[in-house]
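Please look over the sequence and the structure shown below. The paragraphs after them go through the chain step by step.

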Amino acid sequence: MCEDTQKESRIRASIVKSLFATHQPPSDMSELTQEKSRIHASFVITALAAHQIASNMNELTQERSRIHASIVK
């Protein structure tokens, strides 16, 4: 009787381990997907910031040219 109970306990433990093992990869995949999204967002923000800086520099260059042109006149 005791052996049957132990065997049943081992089977239940095996089932529980199996369920946790199959549950773990989707959790990891979800975390990886979230991290990928954060990295992508970081790249987009960096690109937008670089574009804004370039735009501001272009405006400053144009303003400098206008000032120079008004001085030369």
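How many helices and strands are there in the protein chain? The chain, a predicted model, has 1 helix and 0 strands. Helix α1 covers residues 2-72, and the protein chain has 73 residues, of which 0% count as buried. Its accessible surface comes to about 6,900 Å², with 64% of that belonging to carbon and sulfur atoms.

The charged side chains come next. The count of salt bridges is 3. One of them joins R12 to E8, at 2.8 Å from N to O. Both residues lie in helix α1, 4 residues apart, or about one turn of the helix. R12 counts as exposed because its relative accessible area is 55%, whereas E8, at 41%, is partly exposed.

Further along, the side chains of E35 and R38 meet in a salt bridge of 2.8 Å, N to O. These two are 3 residues apart in helix α1, again about one turn. E35 is partly exposed at 36% relative accessible area, and R38 is partly exposed at 48%.

Another salt bridge links E63 and R66, with 2.7 Å between N and O. This pair also sits in helix α1 with a spacing of 3 residues, about one turn. E63 has a relative accessibility of 35%, so it counts as partly exposed.

The surface also has a nonpolar part. I53, M57 and L60 make a nonpolar patch of about 330 Å². Of these residues, L60 is found in helix α1. L60 is exposed because its relative accessible area, 56%, is over the 50% cut-off.

Key:
Residues are numbered from 1 along each chain as its sequence is written. This is a predicted model: local features need pLDDT of at least 70, side-chain atom pairs count only at pLDDT 80 or more; totals for chains, interfaces and linings use all residues. Side-chain values use heavy atoms; hydrogens and water are left out. Patches are made of residues with over 30% relative accessible area and no salt bridge: like charges are joined within 9 Å, nonpolar side chains (Val, Leu, Ile, Met, Phe, Trp, Tyr) within 5 Å. Accessible areas come from the Shrake-Rupley method with a 1.4 Å probe; for residues, only the protein chains shown count as cover. A salt bridge is a side-chain nitrogen of Lys or Arg within 4 Å of a carboxyl oxygen of Asp or Glu. Buried means under 20% relative accessible area, exposed over 50%, partly exposed in between (1.4 Å probe, protein chains only).
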